[in-house]
Amino acid sequence: MRWSYRFVLGGVFSTLLLLAAAGHLNAQQKAPVPNAAAVEAAQKAASELFGSRFRSAKTPADKAAVAAEMIDAALKLEDGLADQYVLLKIAREIAVGAGEAATALQAAEKQAERFDVPAAKLKAETLLAAAREARATPQQKAVAEAALQVVKDWADASEVELPLSVCEAGRSAAQKARQFELVKELAAKADDLKKQRKAAQEYREALAVMQDDPVEPAANLTAGRYLCFVVGDWERGVPYLALGTDAGLKA
C-alpha cells in the first residue's frame, strides 16, 4: 500500500514536471512585445490600411467587422512581427469599444498565443473593458458566457480580485440579458472565489503566527491546506501538513 501510494505520487509529480517544462518551452517560443519605435511605425501602417474602413464604421457590428478583418490580416503575417502585434492590439481595442466581447477576446487570445504577454490577465481585462461598453442584449449575453469561461480557465490561485471582478461583470450582464442559468453559475463561481480569498487571508495570518512559533500545529495545518488544496503547491505545502493537527494528513 505504501509503495502504491508513493508510485502514484511519483507519477503525479512527474506529470506536473513535464507539463511545466512544456509550458516553459511554449513561453520561450513566443515573441517579445515589440519596442515603442516598432509599435509606432506599425500603427502608422495600420492606420493607412484600415483608417478609412474604421472611420466609416458607425455601428457596433460594423466596428466588429473591421476588427475581424484586422485579426484575419494579422494572422496572415509572420508570427512575432510588430505589424502583427499592433493589428491584434488595435482590433482588440476596436472590438472593446464596440462592446463586442467575443471579437475582442479572439484578438486577445491570438495576441497572447504569439507574444510574451500575460494571457489570462489580458483576457480578463479585455472582457471587463468590453462589458462596460456592451449595450444590446446579445452583447450582454456574450459577456456573460465569456466571463464564465475566463473564470473557469483562471489558474492563478494567488490572484482573486481580477477573476472576481470578471464574475461580477458577467453576472450583471447575465441579469440584463435574462440569462438566469448563467447568473446562478457566475454567482457560484463568485462564492468560490470569495472562499479562496478568505483562505488566502487565513494563510497570511498563519504565516504571521509561525514567525514566532514555526511548529505551531494549527497554523501549519492552515498553511498546508492552502498551499496544497488551493494553490496546488504540494512541494511547499506537505511539510506544513506534516506539522499540523490533522492526523490523517500527517500520516
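This is a predicted model: local features need pLDDT of at least 70, side-chain atom pairs count only at pLDDT 80 or more; totals for chains, interfaces and linings use all residues.
**Exercise 1. Describe burial, contacts and surface for the chain.**

Take these one at a time.
- Step 1: The chain has 251 residues, and 37% of them count as buried.
- Step 2: Look at contacts between residues at least 6 apart in sequence: 57% of these join residues at least 24 apart.

**Exercise 2. Work out how helix α7 and helix α9 are arranged.**

Two packed helices are described by the angle between their axes and the distance between the axes.
- Step 1: Find the helices: α7 covers residues 137-153 and α9 covers residues 180-212.
- Step 2: Their packing angle is about 30 degrees, and the axes lie 10 Å apart.
- Step 3: Angles under 35 degrees count as roughly parallel, so α7 and α9 are roughly parallel to each other.
- Step 4: For the handedness, α7 passes α9 in a left-handed crossing.

**Exercise 3. Which residues in α7 meet which residues in α9?**

Now go down to the residues.
- Step 1: On the α7 side, the residues are A144, E145, A147, L148, V151 and K152.
- Step 2: On the α9 side, they meet L182, E185, L186, K189 and L193.
- Step 3: Sorted by kind, the residues of this contact are seven nonpolar, no polar and four charged.

Definitions and conventions: Residues are numbered from 1 along each chain as its sequence is written. Side-chain values use heavy atoms; hydrogens and water are left out. Buried means under 20% relative accessible area, exposed over 50%, partly exposed in between (1.4 Å probe, protein chains only). Contact means heavy atoms within 4.5 Å. Axes are lines fitted to C-alpha atoms, for helices over the stretch in contact, and angles run from 0 to 180 degrees between N-to-C directions. Helices (H or I, at least four residues) and strands (E, at least two) are DSSP runs, numbered from the N terminus. Angles under 35 degrees count as roughly parallel, over 145 as roughly antiparallel, 65 to 115 as roughly perpendicular and the rest as oblique. A crossing is left-handed if the near helix is turned anticlockwise from the far one by less than a right angle, and right-handed if clockwise. Ala, Val, Leu, Ile, Met, Phe, Trp, Tyr, Cys and Pro count as nonpolar, Asp, Glu, Lys and Arg as charged, and the others, Gly among them, as polar.
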